[in-house]
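Dear colleague,

Please find below the structure that I am handing over to you. My notes on what was found in it follow directly after.

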Amino acid sequence: MSNLRDKKFIHEALREGAKALARGDFPVGAVLVINGRVAAKTNNALLSKRTWGDHAETRLLLDRSKTIRQARVKNPKVRIELYTTLEPCLMCLGCAMLHRVDRVIFSCPDPRGGVSHMTRARLPSFYRDNWPSVRGGILKKNAYKMFLRFMSVQHTKQWKENKKLFEAMAAKWRES
Ligand SMILES: [Zn+2]
């Protein structure tokens, strides 16, 4: 899959993330691409909605659940891709799997909640057979800067700890 194409859609996800940031939310943006076209996009609303589950990727998939299912039923070979500014968590990757997403492409790795490297060997075959392929690190520094901007103005212990984890990760990028 072409790098340029992935970069183009990650740029769109970054623009979605910037909208969340402008609202004071954690800047995760997600873009749903069906057969190479943007079908929908949205961003994270954890803080503005005061929930634990309003991640951009899951919001997007649940909002377009019917569209995705119909597209797959109509054409089993349809290509469904999910672009996001942050490595997906367990819920979002699971939600992508349930929606038969073919590929998940993310920008910045998430040292706290990212599960893209998890071993699937012990999962039931239903999960293994439908697991999307995952590609990460596209324009990761752009997303990282946005996350750091957000975390720098947070005052809770959790966000301060997250910030340390992200900074430690970025320090390793400079070494390599
Ligand atoms: Zn998530």
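Strands here are DSSP runs of E with at least two residues, helices are runs of H or I with at least four, and both are numbered from the N terminus; two strands pair if DSSP finds at least two bridges between them. G29 has N43 of β2 as its bridge partner. Two residues lie between the strands in the hairpin of β1 and β2, where N35 takes a positive phi near 50 degrees.

Please note that this is a predicted model, in which local features need pLDDT of at least 70 and side-chain atom pairs count only at pLDDT 80 or more, while totals for chains, interfaces and linings use all residues. Residues are numbered from 1 along each chain as its sequence is written.

The two strands belong to an open sheet of five strands with mixed pairing, in the order β2-β1-β3-β4-β5. At the edges stand β2 and β5 (133–135), each with a single partner strand, so one side of each is left without a neighbour in the sheet. On average, neighbouring strands of this sheet are turned by 15 degrees against each other, direction ignored. Strands β3 and β4 run parallel and are joined by five bridges, and E81 stands opposite R103 in β4. Five of the six residues of β4 are buried, a residue being buried if 20 or more other C-beta atoms lie within 10 Å of its own, exposed if 12 or fewer, and partly exposed in between, with C-beta atoms placed from the backbone.

V31 is buried, with 28 other C-beta atoms within 10 Å. Leaving aside residues up to four places away in sequence, V31 touches F9, E12, A13, E16, V38, K41 and Y83; contact requires C-beta atoms, placed from the backbone, within 7 Å of each other. V31 and E57 are 26 residues apart in sequence, and their C-alpha atoms are 7.9 Å apart in space.

Because six of its eight residues are buried, α3 is largely enclosed by the rest of the structure. Helix α3 lies across β1, β2 and β3 and runs at about 130 degrees to β2; axes are lines fitted to C-alpha atoms, for helices over the stretch in contact, and angles run from 0 to 180 degrees between N-to-C directions.

How do α3 and α5 pack, and at what angle? Helix α3 (residues 56–63) and helix α5 (residues 90–98) pack at about 25 degrees, with their axes 8 Å apart. The two helices are therefore roughly parallel to each other, a description used for angles under 35 degrees, with over 145 counting as roughly antiparallel, 65 to 115 as roughly perpendicular and the rest as oblique. The contact is made by E57, T58 and L61 of α3 together with M91, C92, C95 and A96 of α5.

With kind regards

Terms used. Contact = placed C-beta atoms within 7 Å.
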